[in-house]
Amino acid sequence: MNQQDRTTELLAVARQAAAAGAAVLASRNGETLDVSNKGDAGDWVTAFDVAAENAVRDAITAARPQDTITGEEHGTTRPAAPTGYRWSIDPLDGTTNFIRNIVYYATSVAVADSDGVWLAGVVNAPALGRVYYAARGQGAWLEEGGRVTRLQGPVPDRAGQILATGFSYDPAVRSEQAALLGSLMDGFADVRRLGSAALDLCMVADGTHDAYGERGLNEHDFSAGALIAEEAGCWVRRPRLASPLDGGPADEDRLAAWTCAGTLALSGKFPL
């Protein structure tokens, strides 16, 4: 099987897995959320996060039992004889939105090869009725209302440009982010904070946002969305962080690193 066929096959598995997670989220019931806090104020987890990750993992394992999986809720699963492919799962990106019944949340699934190159990614947002997906070298796409559209990023140099960003749960980091916001917005007409990094990246890919930049993301937050933006022709910067297979980055390194996407003309807007 050549690389393109392999990538197409991986995308099909990613779509099935993300759909399985999104189906769990679509069954949202405010009476059975079972909300708890993971540490930082506002960093919530629900029964749906866990159930969605289980559904995603089951779908991947059924199709590719020898692949490694890293996920937000259950950490890393290594098979006895790994293939070298690794899946990165965020079963519910936008948990606070989900708890409050704000529609910007999604299941994010991506897969990388043994060199860490992202090959396929899917962001399935059930409350929006949108499925964003991409495979390396095959473009980025949006499926919505039975229609499939190729994504080509934001319109360059248009008037009224919008910046999307997000803020840390850590009060000290959030204060730094707030202090920087004024200069970061220079040249933009407005700012949006939707609460889902995966969807923010996808909404740069579909041209809704002109650019997105945020400090402190985990790999599972950006793995699928960054590939989708990249395949839509956007300039993308991913953090250079230690792999989850190596224990992941220190908090200090993660909180200092930026994830960004936009037109090439906007690439100089973000700190290095």
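Which backbone nitrogen does the side chain of S196 reach? In this predicted model, the side chain of S196 comes to 3.2 Å from the backbone nitrogen of L199.

**S196 and helix α5**

S196 lies in the loop that runs between β12 (190–192) and α5, and because its relative accessibility is 1%, where buried means under 20%, S196 counts as buried. Apart from neighbours within four places in sequence, S196 is in contact with D93, G94 and Y104. L199, whose backbone nitrogen is reached by the side chain of S196, is itself one of the buried residues of α5. Since nine of the nine residues of α5 (residues 197–205) are buried, the helix is largely enclosed by the rest of the structure. After α5 comes G207, a residue with a positive phi, near 90°.

**R28 and its surroundings**

R28 is placed in the loop between α1 (3–26) and β1 (36–37), and with a relative accessible area of 23% this residue is partly exposed. Not counting residues up to four places away in sequence, R28 touches L33, F48, F98, I99, R100, N101 and Y105. R28 and V191 are separated by 163 residues in sequence and, from C-alpha to C-alpha, by 29 Å in space.

The two side-chain contacts described above are set out here.

| Side chain | Backbone atom reached | Distance |
|---|---|---|
| S196 | nitrogen of L199 | 3.2 Å |

**The chain as a whole**

The protein chain contains seven helices and 15 strands, and buried residues account for 51% of its 272 residues. A compact globule of 272 residues would have a radius of gyration near 19 Å, and the 17 Å of the protein chain agrees with this. Taken along the principal axes, the box filled by the C-alpha atoms is roughly 50 × 45 × 40 Å. Among contacts between residues at least 6 apart in sequence, 60% join residues at least 24 apart. The accessible surface of the chain comes to about 11,900 Å², with 48% of that area belonging to carbon and sulfur atoms. As for charge, the chain has 23 positive and 35 negative charges, and the mean positions of these two sets are 3 Å apart.

Note on methods:
Residues numbered from 1 in each chain as written. Predicted model: local features only at pLDDT ≥ 70, side-chain atom pairs only at ≥ 80, totals over all residues. Heavy atoms only, no water. Buried < 20%, exposed > 50% of the residue type's maximum accessible area, 1.4 Å probe, protein only. Helix = DSSP H or I, 4+ residues; strand = E, 2+ residues; numbered from the N terminus. Rg over C-alpha atoms; globule rule 2.2 N^0.38 Å. Contact = heavy atoms within 4.5 Å. Areas by Shrake-Rupley, 256 points an atom, 1.4 Å probe, with all protein chains shown as cover. Lys, Arg positive; Asp, Glu negative; His and termini not counted. Charge placed at Lys NZ, Arg CZ, Asp CG, Glu CD. Polar contact = N/O pair within 3.5 Å; in protein donor to acceptor, adjacent residues only side chain to side chain.
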